[in-house]
2 protein chains.
Amino acid sequence: MVTDRQGLKSIPFPGASATLIRAGARRTSAMKFLFLVLDGMADRPVRELGRKTPLQAARTPNMDFLVSSGACGIADPVAPGVPPGSDVANMALLGYDPYEHYTGRGAFEALGAGLDLRPGDVAFRCNFATVDESGVVVDRRAGRISTEHASVLAQALREALEETDIGAETLFANTVQHRAVLVLRGEGLSRAVSGTDPKENGRPLKPCTPLDDSPEARRTAELVNKISELARRVLSEHPLNRELPKPANAILIRGAGVLPELKPLGELYGIRGACISAVALIKGVCRAAGLDVIEVPGATGSYDTDLDAKFSHALSALEGPYDLVFMHVKATDVASHDHDAGRKVWFLEEFDRALGRALGRLDLEETYVLLTADHTTSVRTGKHEGDPVPVVLAGPEVRIDDVRRFDEVSCSRGSLCRLRAIDLMPIVMNLLGRVERFGF
Amino acid sequence: MVTDRQGLKSIPFPGASATLIRAGARRTSAMKFLFLVLDGMADRPVRELGRKTPLQAARTPNMDFLVSSGACGIADPVAPGVPPGSDVANMALLGYDPYEHYTGRGAFEALGAGLDLRPGDVAFRCNFATVDESGVVVDRRAGRISTEHASVLAQALREALEETDIGAETLFANTVQHRAVLVLRGEGLSRAVSGTDPKENGRPLKPCTPLDDSPEARRTAELVNKISELARRVLSEHPLNRELPKPANAILIRGAGVLPELKPLGELYGIRGACISAVALIKGVCRAAGLDVIEVPGATGSYDTDLDAKFSHALSALEGPYDLVFMHVKATDVASHDHDAGRKVWFLEEFDRALGRALGRLDLEETYVLLTADHTTSVRTGKHEGDPVPVVLAGPEVRIDDVRRFDEVSCSRGSLCRLRAIDLMPIVMNLLGRVERFGF
């Protein structure tokens, strides 16, 4: 059953005029959009690949098939030459200008962890970490503590926070392995505070300091420092930590953020959208944009992720009530952070095969598929870089160009030319007939 | 000797770990950038060149070599169709948005003349000129008076300004030939005043008038008019002028400007940069951006300039402590102002040969080279035009495209596509690993 823009059910009617209405609905509102984002897929020429980028070196017949039936281009994630964070880059892909809307990472982490974030809350990304007696961070990830162990410690910390009057309401939740989220709730808080994470092992825990002169920032910094101390005390004493080779006896608190004011995509375009990602931060960005999060068993955010399962859930969602599925795949970025060009090429080819299987189930007469990266991650530097990313957009009414290969250079000759990532969403929503006219 | 981002000297050490440090520095911070700007190089198709632009008509194997190992594109100096002044165009190339930062030509002229310009000062570009008894400008350049003669007259005018109480502190300096700079210093000045230059021979000197209702503009206009009258009186009486065929018996005052607030490139990107140009205005723009000025003997700003000497100084600076050298060559613009297409082609080929000799000394594994024009200057109109300029960027990690020829049309098919001149600096700084990440 298909629902059109006005929410009218579109079911077969006996009369001719009703048939016309139904045909109209299919042409516009029933069109679907599969948004495929490979994290850090774009790269620079790599010496060990004979000066090709991993995308240029990989055999990707199915991406190339999309290119042959699509329009290509390159996109600047935020601005030419500016390396974006993952939060900022994915905000931009969803159509929100980060220069206008970005309010820090913590809010996305909290949303991604499933917490109910409210206006006024200040949220932080946290790590369980191992700290020695003098306060030096020995392992920023507490030996990549298991999620099960972290859940036990998180529960202990929550109980301690409830029993102690630190001066504000708090929420604390662990997500995957060492990762966790802290939310401060109440009047008079600010996100203008520094983090306690020294960013490198072998350095002391840092005190949280206010970043401006406001009483709100001073108060928030005091609260963070109180929680940091409480966590050290409670976690150090916890019996579980005596059994762990690297006790999770502290939390590192960083990335203060508040709920960004984003008009949901549903409201902007009258669509129902969902997100598939293994990464809490990305889920959080998507939740902030009003997308539902579909959890996929086997989606790990690493090389062993179940790509077929992700595609299968995405296609089912599109066959069902969703107009848009934003499907994010992390391992390309992991390969670059690991400085592993060969692995990046291998994973791109793995993805390509999974894409091929998915395309067998997908009707390009009724679905637009956009494939791109959120940013460039260089295999050499292991960092996000500010280079543009390749884009291909396939679907029934795209202006097909003569690009034949999906890579950073080939796509630059495409009919989309060079644009900003925030332009991609309106371009596809326009093809779906969902962008309001400006002017009479 | 190479200096890395933290200012550490990077010299060969015996130990292995020191070697690693050096290797790291070479990979990112020690990468260099040669920014080559040919003034007004870009052009429109010229009838006498068989409807080719001078760049299309010229034989430029070395520019084409850069293209073959680089990424190409076209850039709009400020905005599509808008003809930029030299100051505005070069500001943009250095990465500063002129719509945000431009505060008039005079400041750049003063900085380029080596004057110590301060916040609050109002600076003017001046010409020594020949004026008849009725105040009509007979020659706006006083027969292109020699720099030596102009220096004598400038000294006389400075002495007169010191002896006279006109109501503000003044600085006056001549630069090359008829060109000079005037600075007003003190409280309550404004750059909102018109110039005294009638812009054409045969017209009377104009009074300086305030361009807004502020008392500051009124006061500044009065001061300029006092100085204009004083100059006429002092210069007319000067014995040197009796010997000159076209006496420099007046100064034309125009282009009021104040010091722009530009965050220096060194602060923005942690680099040390230098500029090589024969043109005071360009030197001034570069000084305002925090670049050092390297004076090159034989750099004339005309057809007879010593290109090898300029390249040699540029490469030595890059082999030394500088990360960036901005090298500006003027004669292409001169040829267009002279409506001389053949001469423009000839000079482009001269430049290309000098570039070839320089490339023999330059390691493209360690240096990014960007070649472009600051703007289009039309051989036919003799004026700056608002057409885009060709760009080629070569260096170790550029995404090489399949453009093979350096000209306005070929470059438009390159992998940089079409961008704004202000985007070029961040694009290269990103390749040098020097742009801060936005977001987490």
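**View 1. Salt bridges between chain B and chain A.** In this predicted model, the interface of chain B and chain A holds 5 salt bridges, counted when a side-chain nitrogen of Lys or Arg lies within 4 Å of a carboxyl oxygen of Asp or Glu. One of them joins B:E397 to A:R44, with the closest N and O atoms 3.3 Å apart.

**View 2. Pieces of chain B that touch chain A.** Strand 17 (417–420) and helix 15 (421–431) are the elements of chain B that each give two or more residues to this side; here helices (H or I, at least four residues) and strands (E, at least two) are DSSP runs, numbered from the N terminus. Helix 15 gives the largest share, 5 residues.

**View 3. The contact area.** Here 27 residues of chain B meet 35 residues of chain A, contact being heavy atoms within 4.5 Å. About 2600 Å² is buried between the two chains, 52% of it from carbon and sulfur atoms; that's the accessible area (1.4 Å probe) lost on putting the parts together, summed over both. On the chain B side, B:R399, B:F438 and B:F440 lose the most area, together 35% of what that side buries.

**Notes.** Residues are numbered from 1 along each chain as its sequence is written, and chains are lettered from A and ligands numbered from 1 in the order written. Local features need pLDDT of at least 70, side-chain atom pairs count only at pLDDT 80 or more, totals for chains, interfaces and linings use all residues, and side-chain values use heavy atoms, leaving out hydrogens and water.
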